[in-house]
Structures are given as C-alpha cells and as structure tokens.
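Please read the report below alongside the sequence and the model.

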Amino acid sequence: MEESSMAEKQIKLKIKRQDTPTSVPYWEEFAIPYVPGHNVISVLMEIQKNPLNAAGKKTTPVVWECNCLEEICGACTMLINGSVRQACSALLDQVGTELTLEPVSKFPVVRDLHVDRQKMFDALKRVKAWIPIDGTYDMGEGPHMAPRDQEEGYHLAKCMTCGCCMEACPQYNPRSTFLGPAPITQVRLFNLHPTGALNRSERLEILMEEGGIAECGNAQNCVRVCPKDVPLTKTLAELNKDVNLEGFFGFLKK
Ligand code: SF4
Ligand code: SF4
Ligand code: FES
C-alpha cells in the first residue's frame, strides 16, 4: 500500500461505554489512523494512549480487560460487530476497519467493555469442577486413564471460561439459575478422570437440581461460537444420559 493512502485510511470505532456498573450506557465514536497488523486490543491501546473521541474532544480512556493476548485466558471477550469473540485475536484485516464494540450482555458491566464473569466461576464451584486430593504428600502414580477418555478430556480441558457460549445460549441470562453450557460440560471432564470420578454422583446430582441440565433447550447456539471447539452439545447429550442413569440407579439405591 502507498504510504500516502495508508496515512489517509482510518480505523473507525463505535464503542458502547458505561462509566459505572449502574450508570446508563452511551455510545462514543473514535477514529485513529490505519496501521497494518492491528488487532482490536492494539486499537484500544492506541485510544488509551491518546483518548480523543472522533470529534477531537478529550475523553476518558476506554476500559477493557485482557491478559494473555493469545486467546488463552478469555478475559478480552466482547461483542465485535455484533459477534462474541476475543479482542486479542480479532485482526482488523479480518474484521474490517469499521468496528462496533460492546460488552457481552450476559455478565454485569464493571466499566465500558470490562464485565464481571464471577457468575460463571461460581457455577464451576457449584458443580465441583476440581479433583479433590486428601493431602499434599506424594501418593505415587495415579490410576491410568483410558486413551479414549484422555482424548475426550483433552477437548473439554481446552475451555478457557471466556463465556462466548454463555452469551450465545438463549437459556442463560444474568437472572436465570441455569448453570450454562461451559460449567455443565466441565462436569464431564472431572467425571472422566479416575480420581475425579470418586465425586461423580455428587456432580451429577447438582446437574439434576434447578438450573441444571434439564434447562438446556438444545438450541446448539453454544457450540457454534466456542473459539476452542469444545464439543459442547455432544457433551451435553452424554451428560444427559449420565444424569438419567444416575437418577435411575440412585432411585434403586433408596
Ligand atoms: S466452552 Fe468454549 S465458548 Fe464456552 S467458555 Fe469454554 S472456551 Fe469459551
Ligand atoms: S444447547 Fe443448551 S447450553 Fe447450548 S445454547 Fe442451547 S440451551 Fe444453551
Ligand atoms: S487477552 Fe487472553 S484471550 Fe484475549
């Protein structure tokens, strides 16, 4: 590209801003010179360095969250031109130079594009998404895991709790009790592990409670937006079977 035309080209942004968790959101427009190789985070950093809006008026720097900058932590998840995705991996050469940025709608806004994903982490706690060990001493090698389970677990372990699937799920919203696709599918990961399986029933029982797997409407929106290709709907179907068997044998045990 000719240097002169590159200098003329601009990146135009329309950003949904919100000053406090309870204040009314508003839109603000920005324009910065185009430089090849930008991603959405580097554009936001440019605005942070020199926070002037498109009218040339000084404004507050836009607030967002990021950490890894390589689509691993999920912190920079936002709506970019209406689609939920990570800002760090959104290259302008792919998403275009006219951007509309909004915070995701399923978690409360902290400020501007920064949201509080605590509800998703609380749901992971509720389903006991961990493997308990009973001490810090060396207990030797753990039990072997079948390669088929390792393979399935690997794909589930790729979840980075970004919340894209929660944003896309019609059953999940800030007021619903539904645990949501990401925390539910992690039950399968921890139940597959030979040590984690010791708490298998407890986790499945939680999925039978209010907000559990029965509230999934099988719309399959979640799997379409997952940036890590976590097999969400296949796993939800497997868990449905696990929950039904657990309910049946649990009833016989009573
Ligand atoms: S399952 Fe996929 S979309 Fe959902 S939180 Fe995990 S990585 Fe994100
Ligand atoms: S399949 Fe279930 S979890 Fe996934 S989007 Fe639909 S309702 Fe939500
Ligand atoms: S900064 Fe970690 S996923 Fe974007």
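Helix 9 (221-225) and helix 10 (232-253) each supply at least two residues of the shell around ligand 2, where helices are DSSP runs of H or I with at least four residues, strands are runs of E with at least two, and both are numbered from the N terminus. In this predicted model, local features need pLDDT of at least 70 and side-chain atom pairs count only at pLDDT 80 or more, whereas totals for chains, interfaces and linings use all residues. Residues are numbered from 1 along each chain as its sequence is written, chains are lettered from A and ligands numbered from 1 in the order in which they are written, and side-chain values use heavy atoms, with hydrogens and water left out.

Ligand 2 is surrounded by 13 residues, the closest being Cys-169, Cys-216, Gly-217, Ala-219 and Cys-222; a residue is counted here if one of its heavy atoms lies within 4 Å of the molecule. Around ligand 1 the residues include Cys-159, Cys-162, Cys-164, Cys-165 and Cys-226, together with Pro-227, Val-230 and Leu-232. The table sets out the two shells by class, with Ala, Val, Leu, Ile, Met, Phe, Trp, Tyr, Cys and Pro counted as nonpolar, Asp, Glu, Lys and Arg as charged, and the others, Gly among them, as polar.

| Shell | Nonpolar | Polar | Charged |
|---|---|---|---|
| Ligand 1 | 10 residues | two residues | no residues |
| Ligand 2 | seven residues | six residues | no residues |

The protein chain is divided into domain 1 (2-115) and domain 2 (118-253), with bounds that come from an automatic or database domain assignment. Taken over C-alpha atoms, the centres of domain 1 and domain 2 are 33 Å apart, and 13 residues of domain 1 are in contact with 14 residues of domain 2, contact meaning heavy atoms within 4.5 Å. About 1100 Å² is buried between domain 1 and domain 2, 58% of it from carbon and sulfur atoms; this is the accessible area (1.4 Å probe) that the two parts lose on being put together, summed over both. In domain 1, Val-84, Lys-106 and Phe-107 lose the most area to domain 2, together 55% of what that side buries.

How many salt bridges does the rule find across the interface of domain 1 and domain 2? The rule finds one there, a salt bridge being a side-chain nitrogen of Lys or Arg within 4 Å of a carboxyl oxygen of Asp or Glu. Glu-71 forms a salt bridge with Lys-228, with 3.6 Å between the closest N and O atoms.

The structure as a whole holds 13 salt bridges. Among them is the pair of Arg-17 and Glu-28, at 2.7 Å from N to O, which links strand 1 (residues 10-17) to strand 2 (residues 26-33).
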